[in-house]
Amino acid sequence: MGLIKKNSIVLAPMAEISDKPFRTMCRKYGADFTFTEMVSARGIVNNSFNTTRKVVFAKSEQPIGIQLLGSSPFYIGEAVKRLVKLSPVDFDLNAGCPVKKVTKNGFGAAILDNPAQLKEIVSAMKKSAGDISVSVKMRLGFRKVTILENAKICEGEGADFITLHPKMGNDGSELLPDREWIGKVKSVVNIPVLANGFVFSAEDAVELLNKTDADGVMVARGALGNPYLFSRYNHFLSTKSFPEKPKIDQVFTDALEHLELIKIEYGENLVGLNSAKKNIFWYFKRFNGIFSLIENIMELQKFNQIKIELEKHVENLKAGKFSTESNEEVFDKFKQRILFWNLK
Ligand SMILES: Cc1cc2nc3c(=O)[nH]c(=O)nc-3n(C[C@H](O)[C@H](O)[C@H](O)COP(=O)(O)O)c2cc1C
C-alpha cells in the first residue's frame with residue numbers, strides 16, 4: 001500500500017515554519033506524516049549549509065517527506081539522488097508556490113505553465129528516488145489552467161500522489177479554493193489526491209472530505225498553534241464525534257513544550273526567540289487577551305522571561321482578567337495574514 005491511506009491527514013510544507021519543533025508537535029498529535037519546508041534543489045547539489053540544514057531530520061521524526069524547489073530536471077534529480085540516504089518517505093516537488101521571488105525564476109507555480117518541463121522533472125525525480133514515493137504539490141495553473149493535463153503527466157511519469165491547492169498562481173491567500181476541481185482531477189487520474197486549502201479545524205477537514213472525493217487532506221495554516229486539529233480529526237474518524245477543543249491548561253503545557261523544543265533546536269538567539277514568540281502567539285490566538293500577550297512578550301530577549309510572562313498571562317486569563325475581544329475578528333486577521341500582530 002502506498003503512503004496515502006484513506007482519509008490521510010498530512011502537515012504541509014511551510015517555509016520558516018515547518019521545522020523540527022513544529023513537526024514534532026504535529027506528529028505528537030497525530031499528523032500521519034509531515035514535510036520539511038521547501039529547499040532549493042540547487043542548494044542541495046551545491047552543498048549549501050543553510051539548505052542542507054533544513055532537510056536534516058531525526059529518526060524519531062519519521063515518517064517525513066522532503067520538499068524540493070527548482071525548475072531544472074538535472075538539479076532536482078541530482079538533489080533527490082543525494083537525499084535518498086536520509087530515507088524520507090516522500091520527495092515532493094513544489095509546483096504551487098506563487099511568491100514572485102520564486103516564480104520569477106521559473107520555480108514553484110511557474111512550472112505549471114510548462115507541462116513538458118514538469119514531465120521531465122517528475123521523470124528525473126522518479127529515476128533517482130528508487131523505492132521512495134514521489135509527489136507533486138500544485139495549483140490549478142499559473143497564468144492558465146493546466147491542472148488536468150499536469151495531473152495526468154504526473155501520474156504518467158510515476159508520481160505516487162498529488163496534492164492540489166485548487167487556486168491559480170496569482171490568487172491571493174484570502175480567496176477561497178475552488179473545491180470542484182478536486183473531483184475533476186480525481187476523474188482523470190488513479191493516484192491519490194490530497195486536498196489542500198482553508199482547513200482551519202478538524203470540522204473543516206471532515207467537511208472537505210465529505211464535499212469532495214479527495215483521498216486525504218493536507219493542512220498548513222490551520223496547524224499553527226493548533227496541533228489538536230490532527231488529534232480531533234483522528235478522534236472523529238474513529239468515533240464519528242468531535243471531542244471538545246483543548247482547554248487553556250493543555251494549550252499552556254503544549255506551548256511550553258514547543259518553546260523548549262525551539263530552545264534546543266536554535267538556542268537563545270534571534271531565530272530561536274522569533275520562532276518562540278510567533279508560535280506562542282499562535283497557540284493563544286483563540287483566547288482572550290491575545291493583544292496584551294503580544295505586547296508583553298514582543299520585546300523580550302530571553303526564553304525564561306517569555307516563560308514567566310506566559311505564566312502570568314495564563315493566570316490572568318484563568319482569573320477572567322481580559323475583556324472578551326472579538327475572537328472571530330482576531331482569527332480572521334490571522335487567516336488573512338498569519339503574522340497578524342503586524343496588523344495592529
Ligand atoms: C508561511 C507559509 C509558508 C509556506 N511555505 C510553503 C512551502 O515551503 N512549500 C509549499 O509547497 N507551500 C508552502 N506554503 C503553502 C501551504 O503549504 C499551503 O499550500 C497553503 O497555505 C494553503 O493551505 P492552508 O489553507 O491550509 O494554509 C506556505 C504557506 C504559508 C502560509
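Modeller: The centres of domain 1 and domain 2, taken over C-alpha atoms, are 28 Å apart. The contact between them takes 18 residues from domain 1 and 20 residues from domain 2, where contact means heavy atoms within 4.5 Å. Before we go on: this is a predicted model, where local features need pLDDT of at least 70 and side-chain atom pairs count only at pLDDT 80 or more, while totals for chains, interfaces and linings use all residues. Residues are numbered from 1 along each chain as its sequence is written, and side-chain values use heavy atoms, with hydrogens and water left out.

Colleague: Which residues belong to domain 1 and domain 2?

Modeller: Domain 1 is 8-239 and domain 2 is 248-343. Those bounds come from an automatic or database domain assignment.

Colleague: And what area is buried between domain 1 and domain 2?

Modeller: About 1700 Å², with carbon and sulfur atoms giving 61% of it. Buried area here is the accessible area (1.4 Å probe) that two parts lose on being put together, summed over both.

Colleague: How many salt bridges are there between domain 1 and domain 2?

Modeller: The count is 2. A salt bridge is a side-chain nitrogen of Lys or Arg within 4 Å of a carboxyl oxygen of Asp or Glu. Asp254 pairs with Lys28 that way, with the closest N and O atoms 3.4 Å apart. On the domain 1 side that touches domain 2, helix H1 (residues 20-28) gives the most, with 6 residues. Helices (H or I, at least four residues) and strands (E, at least two) are DSSP runs, numbered from the N terminus.

Colleague: What kinds of residues make up that side of domain 1?

Modeller: They split into 9 nonpolar, 4 polar and 5 charged. Ala, Val, Leu, Ile, Met, Phe, Trp, Tyr, Cys and Pro count as nonpolar, Asp, Glu, Lys and Arg as charged, and the others, Gly among them, as polar.

Colleague: Is Arg143 buried or exposed? And Asp113, buried or exposed?

Modeller: Arg143 is exposed, with a relative accessible area of 67%, whereas Asp113 counts as buried at 18% relative accessibility.

Colleague: What does Lys318 pair with?

Modeller: Lys318 forms a salt bridge with Asp249, the closest N and O atoms being 2.7 Å apart. Lys318 is in helix H14 (residues 303-318) and Asp249 in helix H11 (residues 248-266), so this pair ties together parts 69 residues apart in sequence. Lys318 counts as exposed at 51% relative accessibility, and Asp249 is partly exposed at 42%.

Colleague: Switching topic: which peptide bond is cis?

Modeller: The one from Gln62 to Pro63, with omega near -5°. Pro63 is in the loop between H3 and S3.

Colleague: What's the phi of Asn47?

Modeller: Positive, about 60°, although Asn47 is not a glycine. Asn47 lies in the loop between H2 and H3 and counts as exposed at 60% relative accessibility. Phe198 also has a positive phi of about 60° without being a glycine, but Phe198 is buried, with a relative accessible area of 16%.

Colleague: Last one. What does the side chain of His165 reach?

Modeller: The backbone oxygen of Asn196, at 3.1 Å. His165 lies in the loop between strand S6 (161-164) and helix H8 (180-186), and at 12% relative accessibility His165 counts as buried.

Technical notes:
Buried means under 20% relative accessible area, exposed over 50%, partly exposed in between (1.4 Å probe, protein chains only). A polar contact is a pair of N or O atoms within 3.5 Å; within protein, one must be able to donate a hydrogen and the other to accept it, and residues adjacent in sequence count only if both atoms are side-chain atoms.
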